[in-house]
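Work through the exercises below with the sequence and the model at hand. A worked solution follows each task.

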Amino acid sequence: MKYPVALTEGILIKREKRFLVHVELPGGEKVIAHTNNTGTMLSCNTPGSKCWLSPANNPKRKLKWTYEIVESDGVKVGINTSVPNKLAEEAILNGAITELQGYNNLRREVKYGKNSRIDILLESDNSRCWVEVKNVTLTDGNGTALFPDAVTARGLKHLHELENMVEQGDRAVMLYIVQRSDAVQFATADEIDPKYAAGLKQAMKNGVEVLCYRAEVLVDGVEIVEPLEALCQPSPTSIKTTP
């Protein structure tokens with residue numbers, strides 16, 4: 001996935017509330033950018049970090065910038081939570097996610113469950129595969145990517161809805177996209193949200209498949225590059241909890 005316009009580099013000043021980040025641009029101008037990432041952004045929220053913004057394509061939008069990338073521990077991390085859905089679609093269509101091949105049709109944002117929309121629905125003549133996609137930005141500092149970085153009742157709801165699809169005879173997949181290059185494996189962040197961790201393990205027992213892929217984040221675009229082993233158990237090391 002290539003960014004449609006060049007990103008602008010800046011320095012992170014602070015995050016305010018859930019959807020606002022303050023950034024200093026080259027030349028000293030200070031701007032407020034929108035972020036759609038509602039997590040805590042643990043390990044990706046340090047003032048003074050390099051970051052990259054994209055200009056808003058809607059001239060009527062109040063905030064003229066969107067928060068895309070931040071540098072953490074020397075690597076670029078993709079913050080924009082809409083990017084993984086685009087990456088997943090692109091990777092499925094070009095064959096990069098081998099486990100999700102063999103379907104004739106791909107649809108996005110299809111209604112299902114209780115007032116939910118599935119990120120991707122794959123269909124063939126006699127089968128369907130429901131794919132929920134999550135963005136992963138947190139690591140434990142030792143190569144293990146962790147999800148979630150905050151308690152997520154919505155994420156737990158999605159797991160239950162995927163289980164329901166399996167009960168109906170369909171295939172269901174929980175797909176984690178890690179948008180940072182220093183991850184070598186994936187696990188649930190049991191210390192942060194034990195209910196989600198337990199819910200994922202239960203969903204797996206009930207037939208929901210778990211896939212995890214790492215993406216390489218560059219200032220001109222993001223690309224899925226390799227699968228990661230999903231441990232789905234507590235991280236073997238302590239989690240960094242400082243921003």
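**Exercise 1.** State how the lining of the second largest pocket divides by class, then locate that pocket.

Step 1. The lining has 7 nonpolar, 7 polar and 4 charged residues; Ala, Val, Leu, Ile, Met, Phe, Trp, Tyr, Cys and Pro count as nonpolar, Asp, Glu, Lys and Arg as charged, and the others, Gly among them, as polar.
Step 2. Those lining this pocket number 18, and Pro 4, Ser 54, Asn 57, Glu 68 and Lys 86 lie nearest its centre. A pocket here is an open set of points on a 1 Å grid over the protein atoms alone, where a 1.4 Å probe fits, with protein on both sides within 12 Å along at least five of seven lines; lining residues have an atom within 4 Å of a point.
Step 3. Strand E4 (50-55), strand E5 (65-72) and H1 each supply at least two lining residues. Helices (H or I, at least four residues) and strands (E, at least two) are DSSP runs, numbered from the N terminus.

The model is predicted: local features need pLDDT of at least 70, side-chain atom pairs count only at pLDDT 80 or more, and totals for chains, interfaces and linings use all residues. Residues are numbered from 1 along each chain as its sequence is written, and side-chain values use heavy atoms, with hydrogens and water left out.

**Exercise 2.** Find which element gives the largest share of the lining of the largest pocket.

Step 1. The lining of the largest pocket consists of 28 residues, with Thr 38, Thr 81, Lys 134, Phe 147 and Arg 154 nearest the centre.
Step 2. At least two residues each come from H1, strand E8 (116-123), E9, E11 and helix H2 (153-167).
Step 3. E9 gives the largest share, 5 residues.
Step 4. By class, the lining has 8 nonpolar, 12 polar and 8 charged residues.

**Exercise 3.** Decide whether Glu 132 is buried or exposed, and list its contacts.

Step 1. Glu 132 belongs to strand E9 (residues 128-136).
Step 2. Glu 132 counts as buried because its relative accessibility is 3%; buried means under 20% relative accessible area, exposed over 50%, partly exposed in between (1.4 Å probe, protein chains only).
Step 3. Beyond its neighbours within four places in sequence, Glu 132 is in contact (heavy atoms within 4.5 Å) with residues including Tyr 112, Arg 117, Asp 119 and His 158.

**Exercise 4.** Identify the edge strands of the open sheet of 4 strands.

Step 1. The strand order is E10-E11-E13-E16, with mixed pairing.
Step 2. Strand E10 (138-139) and strand E16 (229-230) are the edges, as each pairs on one side only; two strands pair if DSSP finds at least two bridges between them.
Step 3. E10 pairs with strand E11 (residues 144-147) in the antiparallel sense over 2 bridges.
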